[in-house]
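Hi there,

Here is the structure I promised to pass on. Have a look at it first, and my notes follow below.

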Amino acid sequence: MKVLFKNDYNEVSKAAAEIFIKQIHDKPDSVLCLATGSTPLGLYSELIAANKQGTVDFSDVTTFNLDEYVGLDPKHEQSYKYFMEDNLFNHINIKKDHYNVPSGIESDYDAYCKKYEDKIESAGGIDLLLIGVGENGHIAFNEPDKSLSAVTHVVDLTEDTIQVNSRFFASADEVPKKAVTMGMGSILKAKKIVLIITGDKKAHVLERLMNDKSISTEFPVSFVLTHRDVTIIADAAACKNMHK
Ligand code: F6R
(Lines give C-alpha, C1' and ligand atoms only; values in the text may rest on other atoms or scores of the structure.)
Protein backbone atom coordinates (compact mmCIF):
# COMPACT_ATOMS: atom_id res chain seq x y z
CA MET A 1 0.00 0.00 0.00
CA LYS A 2 1.28 3.41 -0.96
CA VAL A 3 0.26 6.48 1.03
CA LEU A 4 0.69 9.98 -0.40
CA PHE A 5 0.43 12.71 2.21
CA LYS A 6 -0.45 16.07 0.68
CA ASN A 7 -0.90 19.51 2.22
CA ASP A 8 -4.42 20.25 1.09
CA TYR A 9 -7.38 19.14 -0.99
CA ASN A 10 -6.00 20.88 -4.08
CA GLU A 11 -2.73 18.93 -3.95
CA VAL A 12 -4.65 15.70 -3.29
CA SER A 13 -6.80 16.31 -6.38
CA LYS A 14 -3.72 17.01 -8.54
CA ALA A 15 -1.96 13.86 -7.31
CA ALA A 16 -5.06 11.76 -8.02
CA ALA A 17 -5.41 13.32 -11.48
CA GLU A 18 -1.78 12.42 -12.30
CA ILE A 19 -2.53 8.77 -11.52
CA PHE A 20 -5.68 8.75 -13.68
CA ILE A 21 -3.98 10.56 -16.57
CA LYS A 22 -1.00 8.18 -16.47
CA GLN A 23 -3.39 5.22 -16.50
CA ILE A 24 -5.11 6.56 -19.64
CA HIS A 25 -1.77 7.34 -21.32
CA ASP A 26 -0.54 3.81 -20.59
CA LYS A 27 -3.83 2.21 -21.71
CA PRO A 28 -6.06 4.53 -23.75
CA ASP A 29 -8.99 2.06 -23.56
CA SER A 30 -8.81 1.85 -19.78
CA VAL A 31 -11.83 0.79 -17.76
CA LEU A 32 -12.23 3.14 -14.81
CA CYS A 33 -14.53 2.96 -11.83
CA LEU A 34 -15.65 6.33 -10.46
CA ALA A 35 -17.25 7.73 -7.32
CA THR A 36 -19.52 10.65 -6.49
CA GLY A 37 -19.62 12.82 -3.36
CA SER A 38 -17.50 15.82 -2.40
CA THR A 39 -14.20 13.91 -2.43
CA PRO A 40 -13.63 13.54 -6.20
CA LEU A 41 -14.82 17.00 -7.31
CA GLY A 42 -11.28 18.43 -7.41
CA LEU A 43 -10.00 15.41 -9.33
CA TYR A 44 -12.82 15.77 -11.86
CA SER A 45 -11.99 19.47 -12.35
CA GLU A 46 -8.35 18.53 -12.99
CA LEU A 47 -9.40 15.87 -15.53
CA ILE A 48 -11.72 18.30 -17.32
CA ALA A 49 -8.92 20.89 -17.52
CA ALA A 50 -6.44 18.29 -18.81
CA ASN A 51 -8.93 17.08 -21.41
CA LYS A 52 -9.56 20.66 -22.59
CA GLN A 53 -5.80 21.24 -22.85
CA GLY A 54 -5.50 18.07 -24.92
CA THR A 55 -3.27 16.25 -22.43
CA VAL A 56 -5.72 13.38 -21.87
CA ASP A 57 -8.13 11.73 -24.27
CA PHE A 58 -11.23 9.90 -22.99
CA SER A 59 -12.49 8.75 -26.40
CA ASP A 60 -11.62 5.10 -25.78
CA VAL A 61 -12.15 5.10 -22.01
CA THR A 62 -15.04 3.19 -20.42
CA THR A 63 -16.29 3.99 -16.92
CA PHE A 64 -18.50 2.35 -14.33
CA ASN A 65 -19.77 4.09 -11.23
CA LEU A 66 -19.82 2.54 -7.80
CA ASP A 67 -23.36 3.29 -6.79
CA GLU A 68 -26.68 5.08 -7.18
CA TYR A 69 -29.66 5.92 -4.98
CA VAL A 70 -32.64 3.63 -5.50
CA GLY A 71 -35.79 5.54 -6.42
CA LEU A 72 -34.18 8.56 -8.07
CA ASP A 73 -34.75 9.13 -11.75
CA PRO A 74 -31.44 9.68 -13.63
CA LYS A 75 -32.63 13.24 -14.37
CA HIS A 76 -33.07 14.02 -10.65
CA GLU A 77 -30.44 16.57 -9.63
CA GLN A 78 -29.30 14.41 -6.70
CA SER A 79 -29.03 11.21 -8.73
CA TYR A 80 -25.47 10.04 -9.19
CA LYS A 81 -26.02 9.83 -12.95
CA TYR A 82 -26.87 13.55 -12.98
CA PHE A 83 -23.90 14.29 -10.70
CA MET A 84 -21.46 12.47 -13.00
CA GLU A 85 -22.75 14.16 -16.16
CA ASP A 86 -22.78 17.55 -14.49
CA ASN A 87 -19.34 17.28 -12.88
CA LEU A 88 -17.44 15.22 -15.45
CA PHE A 89 -18.98 13.42 -18.40
CA ASN A 90 -20.60 16.47 -20.08
CA HIS A 91 -17.24 18.27 -20.04
CA ILE A 92 -14.88 15.62 -21.44
CA ASN A 93 -14.73 13.70 -24.70
CA ILE A 94 -16.01 10.40 -23.30
CA LYS A 95 -18.54 8.65 -25.56
CA LYS A 96 -22.10 8.63 -24.19
CA ASP A 97 -22.35 4.85 -24.43
CA HIS A 98 -19.01 4.37 -22.66
CA TYR A 99 -20.11 5.54 -19.22
CA ASN A 100 -22.20 3.42 -16.90
CA VAL A 101 -23.88 4.54 -13.70
CA PRO A 102 -26.06 1.94 -11.94
CA SER A 103 -29.76 2.55 -12.54
CA GLY A 104 -31.88 3.70 -9.61
CA ILE A 105 -35.20 2.81 -11.19
CA GLU A 106 -35.15 -0.94 -11.88
CA SER A 107 -38.03 -3.26 -11.06
CA ASP A 108 -35.91 -6.45 -10.92
CA TYR A 109 -32.70 -5.62 -9.06
CA ASP A 110 -31.49 -9.24 -8.85
CA ALA A 111 -31.33 -9.43 -12.64
CA TYR A 112 -30.06 -5.87 -12.99
CA CYS A 113 -27.18 -6.28 -10.51
CA LYS A 114 -26.02 -9.42 -12.28
CA LYS A 115 -26.14 -7.58 -15.61
CA TYR A 116 -24.02 -4.75 -14.16
CA GLU A 117 -21.38 -7.21 -12.93
CA ASP A 118 -21.40 -9.00 -16.30
CA LYS A 119 -20.97 -5.71 -18.14
CA ILE A 120 -17.86 -4.91 -16.07
CA GLU A 121 -16.46 -8.38 -16.83
CA SER A 122 -17.22 -8.03 -20.57
CA ALA A 123 -15.41 -4.69 -20.61
CA GLY A 124 -12.33 -6.56 -19.36
CA GLY A 125 -12.62 -5.71 -15.64
CA ILE A 126 -11.70 -2.48 -13.91
CA ASP A 127 -8.17 -1.19 -14.42
CA LEU A 128 -8.31 1.69 -11.94
CA LEU A 129 -10.97 2.29 -9.30
CA LEU A 130 -11.55 5.44 -7.28
CA ILE A 131 -13.14 5.37 -3.85
CA GLY A 132 -13.90 7.90 -1.18
CA VAL A 133 -14.81 6.79 2.31
CA GLY A 134 -17.72 7.65 4.58
CA GLU A 135 -17.23 8.93 8.12
CA ASN A 136 -18.46 5.50 9.29
CA GLY A 137 -15.90 3.68 7.11
CA HIS A 138 -18.27 2.75 4.29
CA ILE A 139 -16.93 2.40 0.76
CA ALA A 140 -19.38 2.84 -2.08
CA PHE A 141 -22.58 2.04 -0.12
CA ASN A 142 -21.14 -0.99 1.64
CA GLU A 143 -22.20 0.07 5.11
CA PRO A 144 -20.71 -1.32 8.34
CA ASP A 145 -22.51 -4.61 9.04
CA LYS A 146 -22.09 -8.17 10.32
CA SER A 147 -21.49 -9.34 6.78
CA LEU A 148 -20.89 -7.62 3.47
CA SER A 149 -22.02 -8.60 -0.01
CA ALA A 150 -19.39 -9.56 -2.58
CA VAL A 151 -21.31 -8.41 -5.63
CA THR A 152 -23.48 -5.52 -6.81
CA HIS A 153 -26.61 -5.42 -4.67
CA VAL A 154 -29.26 -3.20 -3.08
CA VAL A 155 -28.62 -1.91 0.46
CA ASP A 156 -30.51 -0.05 3.15
CA LEU A 157 -28.62 3.13 3.97
CA THR A 158 -27.73 3.60 7.62
CA GLU A 159 -29.18 6.48 9.60
CA ASP A 160 -25.61 7.94 9.81
CA THR A 161 -25.23 8.01 6.04
CA ILE A 162 -28.73 9.45 5.54
CA GLN A 163 -27.87 12.25 7.96
CA VAL A 164 -24.48 12.97 6.35
CA ASN A 165 -25.98 12.95 2.82
CA SER A 166 -28.97 15.09 3.83
CA ARG A 167 -26.75 18.15 3.18
CA PHE A 168 -27.52 17.66 -0.53
CA PHE A 169 -31.30 17.43 -0.02
CA ALA A 170 -33.94 19.81 1.39
CA SER A 171 -34.23 17.56 4.45
CA ALA A 172 -33.15 14.13 5.72
CA ASP A 173 -36.66 12.84 4.85
CA GLU A 174 -35.92 13.35 1.18
CA VAL A 175 -32.75 11.23 1.17
CA PRO A 176 -33.53 7.85 -0.45
CA LYS A 177 -33.40 4.99 2.04
CA LYS A 178 -31.87 2.48 -0.34
CA ALA A 179 -29.04 2.41 -2.85
CA VAL A 180 -27.60 0.02 -5.41
CA THR A 181 -23.89 -0.48 -4.94
CA MET A 182 -21.00 -2.51 -6.21
CA GLY A 183 -19.99 -5.09 -3.60
CA MET A 184 -16.70 -5.60 -1.81
CA GLY A 185 -15.67 -8.31 -4.30
CA SER A 186 -16.52 -6.13 -7.30
CA ILE A 187 -14.37 -3.36 -5.79
CA LEU A 188 -11.44 -5.55 -4.76
CA LYS A 189 -11.28 -7.19 -8.22
CA ALA A 190 -10.06 -3.86 -9.67
CA LYS A 191 -6.42 -4.02 -10.75
CA LYS A 192 -5.58 -0.75 -8.99
CA ILE A 193 -7.38 1.28 -6.34
CA VAL A 194 -7.02 4.95 -5.42
CA LEU A 195 -8.59 5.89 -2.08
CA ILE A 196 -8.89 9.59 -1.31
CA ILE A 197 -9.34 10.67 2.32
CA THR A 198 -9.61 14.38 3.05
CA GLY A 199 -10.86 16.62 5.82
CA ASP A 200 -10.67 16.44 9.60
CA LYS A 201 -14.04 14.66 9.84
CA LYS A 202 -12.29 11.62 8.33
CA ALA A 203 -9.11 11.81 10.46
CA HIS A 204 -10.36 8.95 12.69
CA VAL A 205 -10.92 6.81 9.58
CA LEU A 206 -7.37 7.29 8.31
CA GLU A 207 -5.95 6.79 11.81
CA ARG A 208 -7.82 3.48 12.25
CA LEU A 209 -6.90 2.30 8.77
CA MET A 210 -3.19 3.01 9.21
CA ASN A 211 -2.77 1.94 12.83
CA ASP A 212 -5.20 -0.93 13.31
CA LYS A 213 -4.29 -3.44 10.63
CA SER A 214 -7.31 -5.68 11.24
CA ILE A 215 -10.07 -6.26 8.73
CA SER A 216 -13.67 -5.92 9.81
CA THR A 217 -17.01 -5.87 8.03
CA GLU A 218 -17.91 -3.22 10.63
CA PHE A 219 -15.24 -1.02 9.02
CA PRO A 220 -15.62 -1.77 5.29
CA VAL A 221 -12.71 0.42 4.13
CA SER A 222 -10.37 -1.91 6.05
CA PHE A 223 -10.75 -4.41 3.18
CA VAL A 224 -8.47 -2.27 1.02
CA LEU A 225 -5.66 -3.53 3.28
CA THR A 226 -6.02 -6.89 1.46
CA HIS A 227 -5.47 -5.41 -2.01
CA ARG A 228 -2.12 -5.55 -3.80
CA ASP A 229 -2.18 -2.16 -5.46
CA VAL A 230 -3.78 0.58 -3.37
CA THR A 231 -2.73 4.22 -3.25
CA ILE A 232 -4.20 6.28 -0.44
CA ILE A 233 -4.03 10.04 -0.96
CA ALA A 234 -4.72 12.11 2.16
CA ASP A 235 -4.55 15.78 3.07
CA ALA A 236 -3.09 17.31 6.24
CA ALA A 237 -6.52 17.64 7.87
CA ALA A 238 -7.20 13.91 7.50
CA CYS A 239 -3.71 13.19 8.90
CA LYS A 240 -4.17 15.27 12.04
CA ASN A 241 -4.28 12.20 14.35
CA MET A 242 -1.44 10.33 12.65
CA HIS A 243 1.39 11.51 14.90
CA LYS A 244 -0.52 10.73 18.13
C1 F6R B 1 -19.98 7.83 -3.61
C2 F6R B 1 -19.64 6.80 -2.64
C3 F6R B 1 -19.52 7.10 -1.20
C4 F6R B 1 -18.63 8.31 -0.90
C5 F6R B 1 -18.52 8.54 0.60
C6 F6R B 1 -17.77 9.81 0.92
O7 F6R B 1 -20.09 7.30 -4.90
O8 F6R B 1 -19.52 5.68 -3.03
O9 F6R B 1 -19.00 5.98 -0.54
O10 F6R B 1 -17.37 8.12 -1.45
O11 F6R B 1 -19.80 8.61 1.18
O12 F6R B 1 -18.54 10.91 0.51
P13 F6R B 1 -17.91 12.37 0.43
O14 F6R B 1 -16.88 12.32 -0.63
O15 F6R B 1 -19.07 13.26 0.04
O16 F6R B 1 -17.36 12.66 1.78
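Strand 2 (residues 31-34), helix 2 (residues 41-52) and strand 3 (residues 62-65) form a right-handed β-α-β unit. Right-handed here means that, with the strands pointing away from you, the path from the first strand over the helix to the second runs clockwise. Helices (H or I, at least four residues) and strands (E, at least two) are DSSP runs, numbered from the N terminus.

This is a predicted model, so to speak of local features we need pLDDT of at least 70, and side-chain atom pairs count only at pLDDT 80 or more, while totals for chains, interfaces and linings use all residues. Residues are numbered from 1 along each chain as its sequence is written, and side-chain values use heavy atoms, leaving out hydrogens and water.

Strand 2 runs parallel to strand 3, joined by 4 bridges, and pairs in the parallel sense with strand 6 (residues 128-131) over 2 bridges; pairing takes at least two DSSP bridges. Leu32 sits opposite Thr63 in strand 3 and opposite Leu128 in strand 6. From strand 2, Leu32 and Leu34 point one way and Val31 and Cys33 the other, and all are buried (under 20% relative accessible area, 1.4 Å probe, protein chains only).

Helix 2 also packs on helix 3 (residues 80-87), at about 40° with the axes 10 Å apart. Leu41, Tyr44 and Ile48 of helix 2 meet Phe83, Met84 and Asn87 of helix 3, with contact meaning heavy atoms within 4.5 Å.

Best wishes

Key
Buried < 20%, exposed > 50% of the residue type's maximum accessible area, 1.4 Å probe, protein only. Axes fitted to C-alpha atoms, helices over the stretch in contact; angles between N-to-C directions.
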